[in-house]
Amino acid sequence: MMTENAAKRPIIEVKNFTKRYGNFTAVRDISFDVAEGSIFAFLGPNGAGKSTTINTLCTIYDGYDGELYIGGNDVATQKSAVRSNIGIVFQECTLDLKMTIEENLRMHCVFYGVPRAEIEERIEFVLTLVDLLDWRKRSVSALSGGMKRRVEIARGLIHYPRVLFLDEPTAGLDPQTRAHVWEYILQLQKEKNITMFLTTHYMDEAEICDSVAIMDHGEIIAHDTPFGLKKQYTKDRAYVTTSNPAFLEKLLTQHEMTFAVKEKFHRIDVDDNASLLHVLAECRKDITDIEIRKGTLNDVFLEITGREIREGGDA
Amino acid sequence: MTVIFALWKRNIRAFWRNKPALIFNLVFPFFFIFVFAEIFRNDYIENAISFMLAGIIIAVVFDSAIRISSNTIDDMTSGFMREVLVSPVSRLTIAIGQFASSATVATLQGIIIFVVGFAIGLRISSPITILYALLAMLFVGLVFAGFGLFLATRAKNIQTFQAVSMAITMPMTFLSGAYIPLSMLNDFLTTVAYFNPMTYAVILFRSIVLERTGDPTEQLIMQELAFKVGDFTIEPVHAALILAAFGVLFLLLSTISFIRLDFSRMNRNKNDSLEIE
């Protein structure tokens, strides 16, 4: 089994993908693979090219340079095969608002050629998964935003896709619903070994993923596990408030530590904890406050681009 | 086939559930019946009520077939069309589903007025006429469903579609003989009417309802069921053929336009408009 897995072709392959709109290049020569059964996230600010890439992979946008494969099928020439293998939860609602939840799911089953005899069973399965079984006869237009998103996830799964694309799956949802949606996503990945491909600009969401590609201005500027990214690009930082700044600065310079002087505190880059402890021990009596912060993916983005990813913005 | 049927059923259901539009669509034609039926109580044309009703029925089928395409735009802007277009179903299949449901809805509306027509004086001698009339309504509905979808794919939003379809359907209806006999138009407008596909739909449907498809040419011209273009007389049979040609053209154009509809661009337009809001 191990060797078979190791030799397995990645479920998603992107080679030198470039997408232009007229003179504007939305995505510039990006390449990456996604392993089957993993959770992959695109992280980046709005307009970075995340949605363009996801939409092209989902066969919505035509005309691009490079090679895209999903499940070994060419996205440009084997659209129908690609479409049968994927489920999509779009950024905006794409439910049929005029119909009930059940009618939406039935329609989807017909589109994806789910055998008639299995439809009922599958509807029950996916609705149980997202806790909406009691709502099946309700019109979609009467549902809240979070419920609609859950219906979309259920719909994206009902034809048993190998890859589920989620474009900003939790954008515009309240924190509680966001947490729920993530529960469903993680449960599915574990139980059904479905590959999850998602875009987000929430840091905490990207932290959960197996692999994160950071996009900015249409390019992938870093791609690794969340841990690997933080290790490579961020440092832990100590924020120290002291009554004797001159002494602290002297000690820091002695230990060759990088620091920045802010209005109320000193921000110290922590390369190794031993040096920090030395410094702090020596000026212990002056220190009034201390806080140590671990690096985040936001710091990774900041480190690479010099900017912050706007959090909680509109999608 | 299952997919076409599912799409058809869904569209009929959507039409049925939109109660305000449903009521408007069903009530509106009666306005024409009452206004025009009175005007045409004269000796100029025999069987004036049947003559008038035939015109109104087919005008309603025409209008409905085009206006129902606004639902397609609804589906595009609401996002549902995206779900449809990323499924393995081909766009051609989707277009056929749209045509079929539009033609059905249009015919249903025609049937309702047809039934009411019997109550206010429409007379038919042979039952087979009803079958022919039904087929003709479906045919006309299909032709203009193509026209409607074409407008919808071009307009891309409800406001544009409504303005454009109004600007097109009004003159097409009034320059077709449906309400006003062509002989009452001046030369210029008559010439315009020759290029109007609705003119041929009216002649075809009216000759069927009046059961005069077999009449001699002179008689047909007198009854406004045929007209001369130069030396050639266009009779109901020719009207059917011309209408079929228009139909093929419309269905082709709309299908191509629908298949080529660039959703990446559409999405961007949507974003732009959101920014303005």
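## Helix 12 of chain A

In this predicted model, helix 12 of chain A covers residues 297–305, and its buried residues are A:L297, A:D299, A:V300 and A:F301. These buried positions pack against strand 3 (39–43), helix 8 (203–208), strand 9 (211–216), strand 10 (219–224) and helix 9 (226–233) of chain A. Just after the helix, A:G306 has a positive phi of about 80°.

## Confidence in chain A

The mean pLDDT of chain A is 87, and 96% of the residues score at least 70. Helix 4 of chain A has the highest confidence, at 95, whereas helix 1 (residues 2–7) of chain A has the lowest, at a mean of 51.

Residues 311–315 of chain A have a pLDDT below 50. This stretch still has nine contacts in the model beyond near neighbours in sequence. Where pLDDT is low, the predicted coordinates should not be read in detail.

## Domains of chain A

Chain A is split into domain 1, spanning 9–230, and domain 2, spanning 235–293. Taken over C-alpha atoms, the centres of domain 1 and domain 2 of chain A are separated by 45 Å.

## Contact between chains A and B

Chain A contributes 22 residues to the contact and chain B contributes 17 residues. On the side of chain A that touches chain B, the elements giving two or more residues are helix 3 (79–85) and helix 4 (101–111) of chain A. By class, that side of chain A consists of 13 nonpolar, five polar and four charged residues.

## Nonpolar cores

The largest nonpolar core has 145 residues. Those touching the most other members are A:F165, B:I58, B:F62, B:V140, B:A201, B:L204 and B:F205. Helix 7 (residues 128–155) of chain B supplies the largest share of this core, 14 residues. Leaving aside residues up to four places away in sequence, B:F205 touches B:A54, B:I58, B:A136 and B:V140.

## B:S90

B:S90 sits in the loop between helix 5 (80–85) and helix 6 (91–119) of chain B. B:S90 counts as partly exposed because 14 C-beta neighbours lie inside 10 Å, while a buried residue would need 20 or more and an exposed one 12 or fewer. The C-alpha atoms of B:S90 and B:I259 are 8.8 Å apart, although 169 residues separate the two along the chain.

Key
Residues are numbered from 1 along each chain as its sequence is written. Chains are lettered from A and ligands numbered from 1 in the order in which they are written. This is a predicted model: local features need pLDDT of at least 70, side-chain atom pairs count only at pLDDT 80 or more; totals for chains, interfaces and linings use all residues. Two residues are in contact if their C-beta atoms, placed from the backbone, lie within 7 Å. Helices (H or I, at least four residues) and strands (E, at least two) are DSSP runs, numbered from the N terminus. Ala, Val, Leu, Ile, Met, Phe, Trp, Tyr, Cys and Pro count as nonpolar, Asp, Glu, Lys and Arg as charged, and the others, Gly among them, as polar. Domain bounds come from an automatic or database domain assignment. A nonpolar core is a set of buried Ala, Val, Leu, Ile, Met, Phe, Trp, Tyr and Cys residues joined through C-beta atoms within 7 Å. pLDDT is the predictor's confidence in each residue, from 0 to 100.
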